[in-house]
Amino acid sequence: MDLEQLRKTAAEVVARDDVKYLIGWKKGSYGYRVAPVFVEDAAGVAELIFSPLCTANLTTYLTLVEKTPLPRGQEADKRKVALMVKGCDSRAVVQLLVEKGIHREEVIVIGCPCPGVVDQSLLVEKYGDTEEPVEVKWNGDGFMLVRGGEEIKIPRDEVLAEKCRLCRYPNPVISDHLIGAEVEKWSPAEDSGVSELDAKDVDGRWEYWEEQFNKCIRCYSCRNVCPLCYCQDCILDRLNPTWINRAVNFSENTAFNISRAFHLAGRCIECGECERVCPANIPLGKINRKMAREVREKYGFEPGLDPEAEPFQASFKPDDPEDFIL
Ligand code: SF4
Ligand code: SF4
Ligand code: SF4
């Protein structure tokens, strides 16, 4: 990543009168963490980084912060928001455009071609946890961990995030400014997690998910981090009618997780954020990728690629034979 180009572009963008701020990543203050940063002027661009630790999908802020209802009488700031995106994140921007969750003139996309990010839990498992802030860089085909002046070369496969092994779109599918050259795409690994589940019979799959959903503590981190879970009136919060009870038990946990999976069918862009933040380590990516595979194979549709596409779950064709309706 050409940090000089990133910071120069960022400085030009935030200097514009019609730009509110740029949302990017900065170094963290703890271990392997990096942090989101809102840069409002040229002085702030020196903080911006792009590294294999920049896992979070910042697109969530476009809806989380920008679309929050304002107190009565307060005027919305209509200036544009600039946003750094990897390939997977850029698909969330496109999907939000498709759903009219955001409008093209509201956002400036700073595209960052992405060679793959690390799974921080694998880093901790293999290289130990640390409070001291460390750096991880791309290094040829792998990564380089820089800790206390020591440089440790790490083979790519040892700590690469699962979503990156399966990635088909490492380059941003939409951008106003592309930082550096596009990366060469790699052949995505076979999605063994989903195939293994597919190979089980119905009872075997049910048993698997029963065990997983029993672990859910209904913290809703998966919903809150998702760039495409942005309904202001989420059915989970409704009390009248109560679609899903707040009790934490297998039945309600299953209702919640299945409802969420169906709400994301044909919309989830497989950024992996929900699984990354789940404190119960539920393999939510398997559900998302299974749904995405079904939608791709049965309907030939893949979300987050074409801003002009019809929203998959909201489009209607008058000549649809609907022969599945009895
Ligand atoms: S899924 Fe693709 S674009 Fe996203 S972080 Fe991994 S390699 Fe980068
Ligand atoms: S993040 Fe995990 S534990 Fe929390 S609600 Fe979602 S699935 Fe359940
Ligand atoms: S459901 Fe998970 S993987 Fe899909 S877009 Fe939302 S956070 Fe990303």
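**Entry 1: helices H7 and H12**

I looked up how helix H7 (residues 192–199) meets helix H12 (residues 284–299) in this predicted model. Their axes come within 9 Å and cross at roughly 80°; axes are lines fitted to C-alpha atoms, for helices over the stretch in contact, with angles from 0 to 180 degrees between N-to-C directions. H7 and H12 are therefore roughly perpendicular to each other, a term for angles of 65 to 115 degrees. Gly193, Val194 and Leu197 of H7 make the contact with Lys286, Arg289, Lys290 and Arg293 of H12, where contact requires C-beta atoms, placed from the backbone, within 7 Å. I sorted these residues by class and noted two nonpolar, one polar and four charged (Ala, Val, Leu, Ile, Met, Phe, Trp, Tyr, Cys and Pro count as nonpolar, Asp, Glu, Lys and Arg as charged, and the others, Gly among them, as polar). Helices (H or I, at least four residues) and strands (E, at least two) are DSSP runs, numbered from the N terminus.

**Entry 2: conventions**

I noted that residues are numbered from 1 along each chain as its sequence is written, with chains lettered from A and ligands numbered from 1 in the order in which they are written. Local features need pLDDT of at least 70 and side-chain atom pairs count only at pLDDT 80 or more, while totals for chains, interfaces and linings use all residues.

**Entry 3: ligand 2 and Arg218**

I listed the residues around ligand 2, which include Cys216, Arg218, Cys219, Cys222 and Cys278; a residue is near if its C-beta atom, placed from the backbone, lies within 6 Å. The shell has nine nonpolar, one polar and one charged residues. Arg218 has a positive phi of about 55° although it is not a glycine, and is found in the loop between helix H8 (202–213) and H9. Arg218 counts as partly exposed because 17 C-beta neighbours lie inside 10 Å (20 or more within 10 Å is buried, 12 or fewer exposed, in between partly exposed; C-beta atoms are placed from the backbone).

**Entry 4: other loops**

I checked Glu270, in the loop between H10 and helix H11 (273–277). Its phi is near 60°, a positive value in a residue other than glycine. Glu270 has 21 C-beta neighbours inside 10 Å and so counts as buried. The peptide bond from Asn240 to Pro241 is cis, with omega near 0°; Pro241 lies in the loop between helix H9 (221–225) and helix H10 (250–263).

**Entry 5: helix H3**

I found that 12 of the 12 residues of H3 are buried. Their cover includes helix H2 (60–64) and strand E4 (80–85). Just after H3, Lys100 takes a positive phi of about 60°.

Methods. Contact = placed C-beta atoms within 7 Å. Parallel < 35°, antiparallel > 145°, perpendicular 65-115°, else oblique.
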